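Reader: I have the sequence and the model open side by side, and I'd like to go through some contacts with you. Could we start with the charged pairs?

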Amino acid sequence: MKPDLPEAPTSTRPIGVLFVNSRSALGADVAVHLGLIRQLVPPEHRVHVATSGRPADAARLLGVLARSPHARVKVLHLGYDVAGRRRAHRALALLGNAVVLPVSLARLSWMVVRHRIDVIHSTERPRDALIAGLLARITRRPSVVHCHVLDRHFTRPTRWGLRRADAVIAVSEFVRRSLVEHTLPGGRVVTVLNGVPPELFEPGDHAACRLRDRIGVAPDARLVGVAGRIMVWKGQLELVQAMAAVCARRDDVHLVIAGSECVMGNGGGGYMAQVMRATHDLGIEDRVHWLGQLDGMSGFYADLDVACVPSFEEPFGLVLVEAMAMGRAIVAWDSGAVPEIAAHRREALLVPPRDVERLADAVIELLDAPRLREELGGRARLRFLRQFTSARQAEEVSAIYRSVCLRRQQHRGRSIVPAGPWRKVV
């Protein structure tokens, strides 16, 4: 017997939401959910989190969640990673998932009913979307899937979860267009731009030259920086190539690279070594500094003269918004969602994708023009405060929760998803 739907949450009854997170790495998508969890507080919301205790970074994630004491966290075995494994190991992982996932689903179903969960929220990662979709069907609760990547990266479990979701959140219009063109009807997809907490990115909270002291360069050295996973699509190699031209024209410039290497998927495995070899071959090895994974990013941006975002077809660009929050002058590729976030010569300098020469010219232009850096950084900070705070993002997501709950309540006993070639009414 299927459980009855709970009463739709109203302005006086809090929304109960369960975040499903089976991730294998603490990436930008998880960071977005952590920001939402921090903002969705009582009495308007009751937040629960189901996460896996198996990944190597699980302790780090639990430490971050501990900063949101209002969130009730349940650690479960949410399956094994399948992508990136050898064929034999992939078969064992699939077999293991066939054993552990039904048990976890049963425990999660009881959790949903017991704690009167109203909405199940997941990312588009295959296991997240699959678990959330199955859990939503078992418990008859609405599901919301948060999409941070383009359609062409989706696997079958992701597509299955998306097509059965009551709402799909795209992190940019760029992502929304990809979903509507290839996967879903437009009425099911809504754009909610990502946000970050302003209190974590206050430009005046940092003493000068800490980053310069850390890497051992002069206080008056010019710093160009890039942050993000070290992988092909993030463009660190092209930035290093551009920096060779910059360093040839100025002898006071250094590049700092923050982030860890992505070792899974098409973008990982040996890319960091490739970039390091390029710094050696280009003769700028002593001008490039590797910082690894940083716990807090505001101190990194505080000392930069120029922040670079050389990502190709960036679905959103959380590092771009972080740099804007810190009032940094920015150079980025004019592609993906970047133009939605920062306008050319208003909040950033945007250059044609993969045009290394133009990238170098833009960096030099900013290094040579302190007033332009200040103007771009100031306007970037103001736009961040208007459009890209986590409070604004949480408010829009909360409105989606109430909408899907109300629609599900109005259509008790049948699917509310309209009929079409992608889905039959149940």
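Reader: What is the relative accessible area of Glu 202, and how does that class it?
Author: The relative accessible area of Glu 202 is 31%, so this residue is partly exposed; the class lies between buried, under 20%, and exposed, over 50%, using a 1.4 Å probe and protein chains only. Please keep in mind that this is a predicted model, in which local features need pLDDT of at least 70 and side-chain atom pairs count only at pLDDT 80 or more, while totals for chains, interfaces and linings use all residues. Residues are numbered from 1 along each chain as its sequence is written, and side-chain values use heavy atoms, without hydrogens and water.

Reader: Which side chain does Glu 202 meet in a salt bridge?
Author: Its partner is Arg 381, with 3.5 Å from N to O; a salt bridge here is a side-chain nitrogen of Lys or Arg within 4 Å of a carboxyl oxygen of Asp or Glu. The two partners come from distant parts of the chain, 179 residues apart: Arg 381 sits in helix 14 (residues 370-387), and Glu 202 in the loop between strand 7 (189-191) and helix 7 (210-215). Helices (H or I, at least four residues) and strands (E, at least two) are DSSP runs numbered from the N terminus.

Reader: And Arg 381, is that one buried or exposed?
Author: Arg 381 counts as buried, because its relative accessibility is 14%.

Reader: How many salt bridges does the whole structure have?
Author: A search of the whole structure gives 20 of them. Another one joins Arg 212 to Asp 303, where the closest N and O atoms are 3.7 Å apart. This pair also links distant parts of the chain, with Arg 212 in helix 7 and Asp 303, 91 residues away, in the loop between helix 10 (298-302) and strand 11 (306-309).

Reader: Are Arg 212 and Asp 303 buried or exposed?
Author: Arg 212 is buried, with a relative accessible area of 4%, and Asp 303 also counts as buried, at 8%.

Reader: Back to helix 14, then. Which residue does Arg 371 pair with?
Author: Arg 371 forms a salt bridge with Glu 375, at 3.3 Å from N to O. Both residues lie in helix 14, 4 residues apart, which is about one turn of the helix. Arg 371 is exposed, with a relative accessible area of 65%, whereas Glu 375 is partly exposed at 34%. Elsewhere, salt bridges that share partners join Arg 212, Arg 222, Asp 303, Asp 305 and Arg 373 into one network.

Reader: Which residues of helix 14 are buried?
Author: The buried ones are Leu 372, Arg 373, Leu 376, Gly 377, Ala 380, Arg 381, Arg 383 and Phe 384. They are on the same side of helix 14, because they cover an arc of only 165 degrees around the axis, taken from the directions from the helix axis to the C-beta atoms. On the face turned away from that buried side are the exposed residues Arg 371, Glu 374, Leu 382 and Arg 386.

Reader: New topic: what about helix 4, which residues are buried there?
Author: In helix 4 (residues 126-139), the buried residues are Arg 127, Asp 128, Ala 129, Ile 131, Ala 132, Gly 133, Leu 135, Ala 136 and Thr 139. Just after this helix, Arg 140 takes a positive phi of about 60 degrees.

Reader: Which residues line the largest cavity?
Author: The lining consists of Phe 19, Val 20, Asn 21, Val 30, His 33, Leu 34, Ile 37, Val 49, Leu 61, Leu 65, Thr 123 and Asp 128. A cavity is a set of points on a 1 Å grid where a 1.4 Å probe fits but cannot get out, and lining residues have an atom within 4 Å of a point. Strand 1 (15-21), helix 1 (28-39) and helix 2 (58-65) each supply at least two residues of this lining, and helix 1 gives the most, with 4 residues.

Definitions and conventions
1 Å grid on protein atoms, 1.4 Å probe; cavity = no way out; pocket = protein on both sides within 12 Å on 5 of 7 lines; lining within 4 Å. Expected span 1.5 Å × (residues − 1).
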